[in-house]
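User: Hi! I have a model open here and would like to talk through its architecture with you. Could you take my questions one by one?

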Amino acid sequence: MTDLAALSSFLVAAVGLAVPLALAALGETVSERSGVINIGLEGSVIWGALGGALGALTVGPHAGLATGALAGGLAALVFAGFAVRLGTDQIITGTAVTIGSLGFTGAVFQSRFGATGLALELQTVPAWEVPVLSRIPLLGPAFFDQAITAYLAYAMVPLLGWFLFRTRWGLALRAAGESPEAAHAAGVPVVRTRMLATVFGGLMAGLAGAHLSLVHTGTFAENMSAGKGFIAIAVVVLGRWRPWGVFAAALFFGGAEALQFTLQALDADLPYPLFLALPYVLSLAALAGWFGRSRAPEGLALPWPRWRRISTNPKK
Amino acid sequence: MKLYPTTALLFVALSALQACGGDSSDAGAPDAASVTATRSVALLTSGPVSDAGWHAGAYEGLRWIGDSLGFRISHQQTRTPAEFDEAFISYAEAGYGLIFGHGFEYQDAASRAAEQYPDVTFVISSGSRPSANVVPLIFHLNEATYLAGMAAAAVSRAGVLGMVGGVEIPSAKGTFVAFEAGVRAVNPDATVLETFIGNWDDVSAAKEAAAAQLRQGADVLIHNVDAASFGFFQAVREAREGGREAWAFGMNRNQNDVAPDVIVGSAVIHIPAMFLRAARAWGAGTLSDEVLYSGIAAGAVDFVLNPAREGVIPDDVLAAIDRARAEIVAGTLQVPRIEFVEGEGGAGPEDPGVQGDPLPS
């Protein structure tokens with residue numbers, strides 16, 4: 001294999017690993033911009049993977065993407081119902097949703113397919129080659145010979161950038177995240193805004209899960225989300241809560257992951273945990289040195305209205 | 001921090017959901033009153049039993065125990081070491097007399113619980129420290145992966161082979177060491193790649209790890225991951241769809257029907273049979289406090305060819321594999337292994353060979 005061919009297939013792997021992270025992280029960006037940190041994102045991802053698999057089995061792979069997104073959205077709706085509507089602690093509620101989802105999806109899977117499991121063989125969503133663009137050397141096959149989920153992720157980047165920073169609704173959403181009091185005073189329905197933003201984040205995370213089961217692996221296994229929801233939350237921070245930054249961070253993380261598998265396969269005589277840690281070490285380095293400091297939305301993780309705030313400092 | 005009742009309630013409800021599996025027999029906490037100490041068997045696994053491999057075999061064994069011995073059975077999935085202790089204690093308190101901890105990772109928690117509950121017997125798969133009531137159950141799966149390695153070397157055209165593992169624990173590492181030795185017995189110049197993904201159920205990581213090895217020129221791969229193996233097989237399948245000649249080997253359980261299109265054969269542990277044998281011995285009071293070793297000679301482990309892929313392996317290699325199997329049974333061929341029982345020393349010729357009665361197949 002020539003070096004160029006090796007580089008090209010490395011890039012294909014990098015983009016493939018980045019797409020689910022980008023989808024989930026872009027959704028989480030919107031939800032965090034509205035002031036809600038959804039630790040339950042991992043739950044939405046695993047529900048998306050299972051919902052996608054079940055949808056694909058009953059209707060077809062494309063319908064599976066839709067049912068996967070829907071399943072992820074529903075998990076986020078449960079989270080939002082508690083954390084936004086009732087004002088429960090976001091971190092604890094999100095953790096509960098994640099743990100519960102991992103167990104519940106396993107129970108559903110086992111009751112549907114038998115306790116000792118089988119390698120579910122799902123029809124995968126085929127890649128669609130973009131004419132002309134896919135012939136760009138190196139980058140073409142990596143970016144433009146992908147399934148529809150990748151193109152959705154690409155499209156979301158400018159779309160969300162425009163929505164968040166160029167529209168009135170985007171301004172209202174960011175206001176709910178920066179200063180819910182001020183937003184409320186200005187007539188923004190903070191609770192409804194946060195609910196919608198969180199459910200949107202869940203839909204995107206569900207799509208990421210459906211990508212895992214229907215595009216990437218063509219199967220479902222319990223716990224197959226394997227922490228990708230949590231990594232997506234880190235990717236949002238790494239991308240500084242901006243769609244372009246988040247997309248770049250997802251690519252960076254996907255690239256680091258593809259790199260570590262390539263390095264391990266090169267038969268380098270180093271302990272493998274070093275390679276496994278590589279994406280995280282690179283992320284830390286990037287977080288420390290990239291674009292200077294990052295700042296989270298001011299009202300992130302704070303419940304609204306104020307009288308429902310669960311504060312560690314009662315005098316505040 | 002003040003916890004709102006609703007959050008707490010949700011947390012409890014969802015955690016309870018996580019604890020139950022899909023079968024009614026695993027549901028909920030054991031009930032002390034209804035359990036008699038002599039006839040209750042529990043199983044702990046650290047991953048989902050729906051992996052069609054390592055954990056699935058244990059769960060099947062538990063059900064065999066329930067069906068053929070009439071013992072009361074219960075299963076729990078426990079992921080963290082804190083949960084291991086908790087689960088051992090709650091089962092022991094509830095009167096379970098025999099508790100299986102299915103994996104190397106349960107050894108420490110079992111040793112602690114065993115001191116606290118001397119009347120309870122703990123059987124630890126791939127365990128490392130026997131004591132009065134802790135019995136390590138060691139599968140010499142390396143004997144089977146050695147034979148798989150011989151087959152793999154014969155099938156590989158490129159002379160490059162790959163191994164994708166979960167975490168580098170002795171039981172996993174040992175299967176790879178023996179696989180590599182088997183490969184070299186047939187093709188001394190072969191290159192053998194090794195990748196660990198750091199866990200057992202990240203399907204997409206296993207797929208990418210396998211894909212990276214395939215890109216590196218490997219054309220025959222073996223895995224030792226649990227549920228993540230589904231992604232591993234998918235990578236081989238896609239390589240074949242892309243026009244390459246690539247093959248895979250299954251592990252832990254007869255996986256030949258899991259991906260019959262790509263699997264040449266599987267290194268199999270008859271976990272259910274071993275569990276049943278241990279439980280029967282325990283019920284009869286003959287389960288000793290020694291290590292239970294079980295390899296090919298005891299009928300506990302074997303390399304099983306996929307009948308759907310007959311003809312892939314040349315006849316002379318098949319004959320060599322049969323010869324090697326006979327030598328392993330006779331004790332004249334020592335397959336390299338990683339020791340996991342403390343004080344056993346290196347892979348020396350003094351194989352303890354404490355084999356039980358051969359199993360009826």
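Predicted model: local features only at pLDDT ≥ 70, side-chain atom pairs only at ≥ 80, totals over all residues.

User: What percentage of the residues in chain A is buried?

Analyst: Counting here means having 20 or more other C-beta atoms within 10 Å of a residue's own. Among contacts in chain A with a separation of 6 or more, 76% join residues 24 or more positions apart. Of the 316 residues in chain A, the buried part is 56%.

User: How many helices and strands does chain A have?

Analyst: Reading from the N terminus, the elements run α-α-α-α-β-α-β-α-α-α-α-α-α-α. That gives chain A 12 helices and 2 strands.

User: Which helix of chain A gives the largest share of the side that touches chain B?

Analyst: The interface brings 47 residues of chain A into contact with 51 residues of chain B. Several elements of chain A each supply at least two residues to this side, among them α1 (3–33), α9 (190–216) and α12 (272–289). By class, the side has 26 nonpolar, 18 polar and 3 charged residues. The largest share, 13 residues, comes from α4(A).

User: Now chain B: what is the strand order of its open sheet of 6 strands?

Analyst: The pairing in this sheet is parallel. Its edge strands, each pairing on one side only, are β2 (72–77) and β11 (292–294) of chain B. From one strand to the next, the twist averages 15°. The order is β2-β1-β3-β4-β5-β11.

User: Which residue of β5(B) is the bridge partner of B:I124?

Analyst: Strands β4 (residues 121–125) and β5 (residues 134–139) of chain B pair in the parallel sense over 4 bridges. Helix α4 (residues 107–116) of chain B lies across both of these strands and β3 (98–101), running at about 170° to β4(B). The partner of B:I124 is B:P136.

User: At what angle do the axes of α7(B) and α8(B) cross?

Analyst: Two packed helices are described by the angle and the distance between their axes. Here the axes of α7 (residues 203–215) and α8 (residues 229–241) of chain B come within 7 Å, and the crossing is right-handed. Their contact has 10 nonpolar, 4 polar and 1 charged residues. The axes cross at roughly 40°.

Note on methods:
Residues numbered from 1 in each chain as written. Chains lettered and ligands numbered in written order. Contact = placed C-beta atoms within 7 Å. Nonpolar A, V, L, I, M, F, W, Y, C, P; charged D, E, K, R; others polar. Axes fitted to C-alpha atoms, helices over the stretch in contact; angles between N-to-C directions. Left-handed = near helix turned anticlockwise from the far one by under 90°. Buried ≥ 20, exposed ≤ 12 C-beta atoms within 10 Å, placed from the backbone. Pairing = 2+ DSSP bridges.
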